[in-house]
Number of protein chains: 2
Amino acid sequence: MAEATTRERILGAADRLFGSHGFRGTSLRALTREAGVNLAAVHYHFGSKHELLVATLSRHIDAINAARIAQLDALEAAHPNGDIPPLDLLNALVRPAFAFRHASPENAEVVQRLSALLHSEPLEIVHPLMEGLFSRVMQRFAAALERALPDLEPEEVYLRIQITIGAMVSALAGRHPPDLADAPGLDEEERIDHLVHFLAAGFSAKPLNGADS
Amino acid sequence: MAEATTRERILGAADRLFGSHGFRGTSLRALTREAGVNLAAVHYHFGSKHELLVATLSRHIDAINAARIAQLDALEAAHPNGDIPPLDLLNALVRPAFAFRHASPENAEVVQRLSALLHSEPLEIVHPLMEGLFSRVMQRFAAALERALPDLEPEEVYLRIQITIGAMVSALAGRHPPDLADAPGLDEEERIDHLVHFLAAGFSAKPLNGADS
DNA sequence: GTCTATACACGGATAGAC
DNA sequence: GTCTATCCGTGTATAGAC
């Protein structure tokens with residue numbers, strides 16, 4: 001386990017420490033000590049602490065997105081005429097993120113901190129970054145959802161996808177509002193079922209048209 | 001405008017600089033220079049940079065929550081028997097946040113950075129903080145929604161509120177996913193209408209019951 | 001009670017030797 | 001590619017003036 005390229009050792013330590021102590025709570029000195037490499041190696045291989053985090057997140061997010069695309073491909077193959085049930089599309093979009101989190105518990109927190117870091121940076125920096133990570137996946141799903149819901153204007157489909165993403169990240173991040181009562185009640189699996197159920201109902205709502213042509 | 005107590009000058013500068021440059025991007029030295037006060041004044045009045053942000057956010061969030069409570073009071077007064085339409089409850093919950101943002105454009109970004117900062121801190125710190133800021137409001141709305149949707153288990157109501165909050169913050173923060181196409185299309189007002197419409201449909205979905213007693 | 005000046009320890013970053 | 005030494009900005013703490 002001690003044998004690995006310097007770059008990989010850094011990425012491994014980043015997974016562990018960013019996940020457990022957060023981004024701000026992890027100093028490069030502690031990280032490089034954990035990795036058994038020199039302090040300056042981070043800057044040589046990644047350029048900055050920030051870009052190291054981006055690289056860390058990209059690894060995981062790319063894996064999640066690959067699973068999404070795979071499921072979408074399977075759905076489109078199973079429905080050659082294009083009428084994929086919206087519920088199936090939502091499952092393909094939402095569940096890979098939770099599956100990943102469940103598969104690799106220590107890396108789960110890394111993903112959780114994504115939105116935090118991104119939102120704490122200026123929008124001019126964040127936006128192109130998200131673009132690079134997500135745009136291809138989202139455009140695939142947008143196209144599929146437009147076909148599945150032909151009554152909706154494209155703008156409305158886009159907006160509903162944004163709402164879906166927001167609800168999903170907040171569910172991924174854990175409880176957003178304070179614990180309403182103790183209410184454990186639902187385990188993770190049930191929570192996902194309910195989430196997708198809720199989103200499917202919202203997505204299937206009839207169009208809300210003002211004065212449109 | 002230059003006349004104000006030191007504490008107020010600091011809070012004003014915090015609104016401007018946290019809003020425009022973010023939390024991490026604002027040093028206490030820049031902030032105190034903008035405010036025209038001494039560096040140590042922040043520590044004296046607030047204890048730390050972190051607590052200064054908490055104070056800044058609390059000011060705004062408390063105002064938003066007061067508006068929510070006022071609207072909920074009005075709804076409950078208008079429906080003494082307790083059957084408030086869920087759509088009305090969602091409007092009372094969601095719209096004050098956007099109204100505030102629209103009223104005070106430069107402070108809008110301050111609120112946007114809330115979740116960012118909170119999520120970048122350890123959960124043990126974040127959780128009690130959110131508890132103090134939101135729990136009273138959320139419990140009021142949870143109770144009202146439980147009465148309005150008696151078919152749902154309380155746990156399911158709680159979960160749907162969490163989903164709602166997540167969708168709302170992401171909508172408040174701007175586009176979460178990359179700009180799907182250029183798609184301006186919808187202005188802010190329409191986006192809010194669509195958001196509430198979507199959430200109302202999700203909230204009114206029939207219960208999703210597994211094997212329950 | 002308030003505010004100022006100053007000191008400290010730590011962070012990320014960089015230059016340059018090897 | 002790797003490492004050492006160093007720089008400068010940062011949040012924080014404190015001693016003491018008003």
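In which handedness of crossing does H8(A) pass H9(B)? Let's find out in this predicted model.

**First stop: two helices from two chains.** H8(A) passes H9(B) in a right-handed crossing.

Now show the side chains at the contact. From H8(A), pick Glu156(A), Leu159(A), Arg160(A), Gln162(A), Ile163(A) and Thr164(A); from H9(B), pick Arg191(B), His194(B), Leu195(B), His197(B) and Phe198(B). Colour them by class and you will see four nonpolar, four polar and three charged residues.

**Second stop: a network in chain A.** Select Asp73(A), Glu76(A), Arg140(A) and Arg147(A), which are linked in a network of salt bridges. Asp73(A) meets Arg140(A) at 2.9 Å, N to O. Asp73(A) sits in helix H4 and Arg140(A) in helix H7, so this pair ties together parts 67 residues apart in sequence. Next, look at Arg147(A) and Glu76(A), whose closest N and O atoms are 3.1 Å apart. This pair also links H7 with H4 of chain A, across 71 residues. Arg147(A) is partly exposed at 46% relative accessibility, and Glu76(A) is partly exposed at 25%.

**Last stop: chain B.** Select Asp15(B) and Arg59(B), a salt bridge with its closest N and O atoms 2.5 Å apart. Asp15(B) belongs to helix H1 and Arg59(B) to helix H4 of chain B.

Notes
Residues numbered from 1 in each chain as written. Chains lettered and ligands numbered in written order. Predicted model: local features only at pLDDT ≥ 70, side-chain atom pairs only at ≥ 80, totals over all residues. Heavy atoms only, no water. Left-handed = near helix turned anticlockwise from the far one by under 90°. Helix = DSSP H or I, 4+ residues; strand = E, 2+ residues; numbered from the N terminus. Contact = heavy atoms within 4.5 Å. Nonpolar A, V, L, I, M, F, W, Y, C, P; charged D, E, K, R; others polar. Salt bridge = Lys/Arg side-chain N within 4 Å of Asp/Glu carboxyl O. Buried < 20%, exposed > 50% of the residue type's maximum accessible area, 1.4 Å probe, protein only.
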